[in-house]
Amino acid sequence: MTTDTTTKTPEPAAVPAPGPAPEKKRVVRGHRRLLTRRDRFTLALMAGVPTVLHVILVWVTALASILLAFTTWDGIGFDSIKWVGLDNFTQLFTDNPQFWPAVQHNVVWFVVLILIPTPFGLFLAVQLDKKIRFTRVYQTAFFLPVVISMACIGFVWQLVYNPDTGLINSIIGANEPGHYIDWIGDPHLNLWAVLIAASWRHTGYMMILYLAGLKSVDPSLREASALDGAGEWQTFRNVIFPTLRPTNTVVLVVTIIEALRAFDLVFVFNKGAQGTELLSILVTNNIIGESSRIGYGSAIAVVLLVISLAVIIPYLIATFRKERRA
Amino acid sequence: MRLSPSGLPLPGPSRRSLLRGAGGAALVAGAGIPLLSACGGSASGSDPKTVTVGSNQSDAVPKKAYGDIYTAFTRRSGIKVDVNTKDHNTFQEQINSYLQGTPDDVFNWFAGYRMQFFAAKGLASPIDDVWEKIGGNFPEAMKKLSKGADGKYYFVPLTTYPWAVFYRRSVFRQHGYEVPTTWDQLVALCKQMKKDGLVPIAFGDKDAWPAMGTFDQINFRLNGYDFHVQLMAGKASWTDAKVKAVFDHWAELLPYHQDGFMGRTWQDAAQTLVAKKAGMYLLGSFVAQQFTDKADLDDLDFFPFPEINPAYGQDTVEAPTDGFMVSKSPKNHAGVVKLLEFLGTPQAEEVYLKGDPSVVAASDKASTSAYSALQKKAFEMISGAKSLTQFMDRDSRPDFTSTVMQPGLQKFLQNPKGVDGLLSSVERQKKTIFASS
């Protein structure tokens, strides 16, 4: 089976390159000149519908929530929207006891993801890249958590951490009065407990990204460094790691996004109670419900948006600059 | 009406319902275009033989029990009841848009501030005409619970259940404990239980609301019903020395609570009572659901939270009450009145309790002959109460309790010494929330 697929897959990819490619190009060009009404209609539909959806679902809602951030609104009738200027933000920065912990936890989330599962994922990728036996099995095992939704991971790890009946406390006998470990409730513990679950998943994600990056390292580079008598660590540090630069950029961006959108795991785990507050959870808690604080929740969302933009804009600028140069 | 997967009402394809949808949209827009909303609300062509009910009773047992009531009503009056059931939590989260859109004629809801909030927003109809008929069926405390802030009736109660301190008779008998009736007796009992190797008070606050029950009990025992109402309505100050005293009492009791409560659900905490490892548990009578063994259940008993301030004694009972409200412009007003008059009768409650024996009737005229001993005691406690409270999140603005009080109380439980800073923070946040509308 495997030989079958490997011989078959390159074929269709190779077809357009040598022979029929120029002819196809000509056909396309001809079509562009003679765009029938039907073509134009199809094009308009294919480009227009997604554009309208995008504008409504992304831009209008984003702008609406920015506007709402300067109001108070309980969601009952548009006439109850009241303009309050910067009130929501001043309240957020001064009165809300959960806001700064939430910002802090989002940062901790990023730092931990970049310091622990990322290098570990790289380590696993380098090991698996050596074509050791059962490498597919290992890959699958490490990648499996990435396939599972965060909410499910939350449920599973809750069973592990449950202070009364969970796996850990049952094994080490920490569910007795007197020497009790409250993994989910203790504010000094629960964020780390959640981060272990998050790292468990993130490692596999990083591993796959790095594996893909390593596949693109030119084998002749390795050969050359081996001929120069470089050790394994030297080869990695001086030859392989520098060639992984593009992958590292992707990893950095992915990790920042993961840290900012962290939500489902914690929401399932303990709804962002003491010790695990996150910005995304504050937004949800304020907006969803029977009498919502839509203006206030929007203000938190705007803070999250500003942080995201502060990260994404430099990245986009850098990427576009590179493209222009190329 | 068709329901979308998210449970939101979708306008049907017919002209009338399209107009109704447009009317709803106009109302949402706050434009209140009279012509369109008139189309939406008018009874022109709508079936006078049908009343629609929006139900949040999505669990099997209550769903069937409510169904039995409607069947009994249809048999009696010839009016059909069309029930739209939604998932309990979804119903609560969407209640805003539901009531502003095209709601059913009658809907399930809770008594207390939560009911008054929507009444004050004009999203419910007053039903004083119904209460003229059913008023005699209810005790004074229930009447008080069913009124909006404007003094009109907006609510018909059906079932209720008390919060109290639950314990196992066999454990008390074995150790020779006596039911405490004063604060000092309670503290002494806790000390003794700890000495005897029991967890004095079972506790789990992972869901963040059980702690509100403890606060309520200490607060109205110490400061009385009126102060509870003022505090919950945002009128009294959280920095008041009276509130501080509540937390001082609570802190005195805290060392006797079960360890690690922040990571434990109420169900798990109840298991310690089932296993006789805990001596007492302050919770609603739904704790009985965790007693799956008949012998264990027969062993379960409760006592009202002990007296703290003799001026108030034990006159207040926390008894969350579920019932019905009428939407802003019901399509079949005459039918709605008939249905609510029926729901306000002891017979309707008896039909319900036959199907769901985990709660008690709101009316003191309903027959108690089918009650278990626990239900009888609960019923007596509620009907004997001078005042009934609903529970913090039903007696106050839900946005305040969920975004400020739940994390605030958890913070206190983690750090009982930081009460002063916590209370001034709560007071500041309360002011902005209650000022917002």
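Good morning. Between chain A and chain B there are 15 residue pairs in polar contact, counting pairs in which both residues have pLDDT of 80 or more. That threshold matters here, as the model is a predicted one.

Let me turn to the charged pairs. The rule identifies three salt bridges across the interface of chain A and chain B. One of these joins Asp164(A) to Arg264(B), with 2.5 Å between the closest N and O atoms.

How many residues of each chain are in contact with the other? On chain A there are 35, and they meet 37 residues of chain B. The size of an interface is often expressed as the accessible area lost when the parts come together. For chain A and chain B, the area buried between them is about 3000 Å², and carbon and sulfur atoms account for 48% of it.

I shall finish with chain B itself. Chain B contains 20 helices and 14 strands. Of its 437 residues, 59% are buried. Finally, consider the contacts in chain B between residues at least 6 apart in sequence: 74% of them link residues at least 24 apart.

Thank you for your attention.

Key: Residues are numbered from 1 along each chain as its sequence is written. Chains are lettered from A and ligands numbered from 1 in the order in which they are written. This is a predicted model: local features need pLDDT of at least 70, side-chain atom pairs count only at pLDDT 80 or more; totals for chains, interfaces and linings use all residues. Side-chain values use heavy atoms; hydrogens and water are left out. Helices (H or I, at least four residues) and strands (E, at least two) are DSSP runs, numbered from the N terminus. Buried means under 20% relative accessible area, exposed over 50%, partly exposed in between (1.4 Å probe, protein chains only). Contact means heavy atoms within 4.5 Å. Buried area is the accessible area (1.4 Å probe) that two parts lose on being put together, summed over both. A salt bridge is a side-chain nitrogen of Lys or Arg within 4 Å of a carboxyl oxygen of Asp or Glu. A polar contact is a pair of N or O atoms within 3.5 Å; within protein, one must be able to donate a hydrogen and the other to accept it, and residues adjacent in sequence count only if both atoms are side-chain atoms.
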